[in-house]
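Visitor: Could you walk me through this one before I set anything up?
Guide: Gladly; here it is.
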Amino acid sequence: MTSSHHQPLLTSNEPETAYDPTEKVHIIGLEDENDQHNYDEYGDKTPPFSWRKLWLFTGPGFLMSIAFLDPGNLEGDLQAGAIAGYSLLWLLLWATAIGLLVQLLSARLGVVTGRHLAELCREEYPNWAGKLLWIMTEVALIGADIQEVIGSAIALKILTLGFLPLWAGVLITAFDCFIFLFLENYGVRKLEALFAVLIAVMAISFAWMFGETKPNAKELLIGMVVPKLNSKTIQQAVGVVGCIIMPHNVFLHSALVQSREVDPRKTGRVREAIKYYSIESAIALAVSFVINLFVTTVFAKAFFGTAIADTIGLGNAGQFLEEKFGGGIIPILYIWAIGLLAAGQSSTITGTYAGQFIMGGFLDLRLKKWARALITRSCAIIPTLIVALIFDSSEDTLDALNEWLNVLQSVQIPFALIPLLCLVAKDDLMGVFKIGPVLKTISWLVAALVIAINGYLLQQFIAEQVSGVAFTSIVIVLTVAYVAFVVYLIWRSITVSTFGFLKPRSPVM
């Protein structure tokens, strides 16, 4: 018998789920009792709009939006502003819209099926393909986590006046796992409140910087409306689009939407949930766009056209701002560090969250959540600590590592996008909620565009970084294997029309 002080490592033999029924936010039954008779027993009619319900559905979209605000994105923003000025703001806007489309499809999949993308990939693909997808997703997650934790460590180093080395900042950041575990015990809404606070800190910090530097309003508006692109800014343009879609975030959102209690037997309830999630996701990404806009325009105002524009990164950005704009009531260096710390801390916690769902879904692990969180945290922290110890004294090598990590995540994008687009178009999985031919065509065109852009980034990177016969041969072999697996995923989506589900499908079909 297990005592109350010693929780078992394994959960029950029930199938892996994103949330237990007791953890979900209660939604059903909030209508006025006088309106209940308007809905038949199958719930085919969608309930009327309710601000109270929108509030209860609000949360998953803001957790998802953190991936649009992580330190990797902030570095892309500041480099785009410093090198390209205001000219890529239109691309930032459209890239955010593309990200919204992908995340809405992920949310639709999770709401309709009651399962998240990792679980469905395990059931849809052969064992070897499922395991390979899991490895690719974990590699992308670890790469993103290294950037996020290093971003937090840089912020801590600035705020402690250089007293804390990077490796110490990494260890401190690692403890966010325990914050996450603590808050999750008190309900998902407490965790969502924490993220709301961190997003607010970012918004206030970067808005303060925006007010201090006073970017040109006319050039800002022109940059958002008039598309401009040239050979000198193509690298920054690719970076803006490439870092918007994070593979682990696609998996994460399909799980987060299951934190609300939605009756899948009633199409009206499912349609209602999709509507509210679409609204709150759009609001969340609108907020993230404004924050990214602040960062890009601040560095456009400060450094566009200067000799140091090409040398600015996360580590030295605050110092350059301090030299340019001076102190003020609160030195701009520390305002930047506070915003960067909020970005790093929030994104590392969502990384822990995503890691639980990815590992549990692909491997069907029935471990307690704290055990999964510690495993996924260790997988990210150990390589990050090694990186911090090796690259602590050199900003140039840290920037070079960051380029490698961006490429690492870029090449993983097809392994999230292709399964998602295949699944949301499956009639026997989605039923009446499968995407139609127009949305399907648009989604595949968007996916092809994103994959092509990241393919260009990979090609450019290989051309610049890869040399030597042995290394080149290895890269060629890996590239051929990579392309073959992508082709297999697309081929399977076209030829395979049936699922071997381990669990009964949703009654909405």
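Guide: What follows is a short talk about salt bridges, helices, a loop and a surface patch.

Visitor: Before that, what kind of model is it, and what cut-offs apply?
Guide: This is a predicted model, in which local features need pLDDT of at least 70, side-chain atom pairs count only at pLDDT 80 or more, and totals for chains, interfaces and linings use all residues. Residues are numbered from 1 along each chain as its sequence is written, and side-chain values use heavy atoms, with hydrogens and water left out.

Visitor: OK, how many salt bridges does a search of the whole structure find?
Guide: The search finds seven, where a salt bridge is a side-chain nitrogen of Lys or Arg within 4 Å of a carboxyl oxygen of Asp or Glu. One of them joins the side chains of lysine 53 and glutamate 272, at 2.7 Å from N to O.

Visitor: Which parts does that pair tie together?
Guide: Lysine 53 sits in helix α1 (residues 51-57) and glutamate 272 in helix α13 (residues 267-303), so the pair links parts that are 219 residues apart in sequence. Helices here are DSSP runs of H or I with at least four residues, and they are numbered from the N terminus.

Visitor: Are lysine 53 and glutamate 272 buried or exposed?
Guide: Both lysine 53 and glutamate 272 are buried; buried means under 20% relative accessible area, exposed means over 50%, and partly exposed lies in between, with a 1.4 Å probe and protein chains only.

Visitor: Switching to helices, how do α13 and α14 cross?
Guide: The axes of α13 and helix α14 (residues 314-325) come within 11 Å and cross at roughly 55°, with axes taken as lines fitted to C-alpha atoms over the stretch in contact and angles running from 0 to 180 degrees between N-to-C directions. The two helices α13 and α14 are therefore oblique to each other, given that angles under 35 degrees count as roughly parallel, over 145 as roughly antiparallel, 65 to 115 as roughly perpendicular and the rest as oblique.

Visitor: What about α18, how many of its residues are buried?
Guide: Helix α18 (residues 414-424) is mostly covered, with 11 of its 11 residues buried; among them are Phe415, Ile418, Cys422 and Val424.

Visitor: Which residue has a positive phi although it is not a glycine?
Guide: That is lysine 214, with a phi of about 55°. Most residues other than glycine have a negative phi. Lysine 214 is found in the loop between α9 (188-213) and α10 (217-225), and at 60% relative accessibility lysine 214 counts as exposed.

Visitor: Last topic, what makes up the nonpolar patch on the surface?
Guide: The patch is formed by Trp167, Leu171, Ile382, Ile386, Leu389 and Ile390, which together have about 590 Å² of accessible area. Patch residues have over 30% relative accessible area and no salt bridge, with like charges joined within 9 Å and nonpolar side chains (Val, Leu, Ile, Met, Phe, Trp, Tyr) within 5 Å, and accessible areas come from the Shrake-Rupley method with a 1.4 Å probe, where for residues only the protein chains shown count as cover. The elements that give two or more residues to the patch are α7 (166-174) and α16 (369-391).

Visitor: Which of those gives the most?
Guide: Helix α16 does, with four residues. Isoleucine 390 is placed in α16, and isoleucine 390 counts as exposed at 56% relative accessibility.
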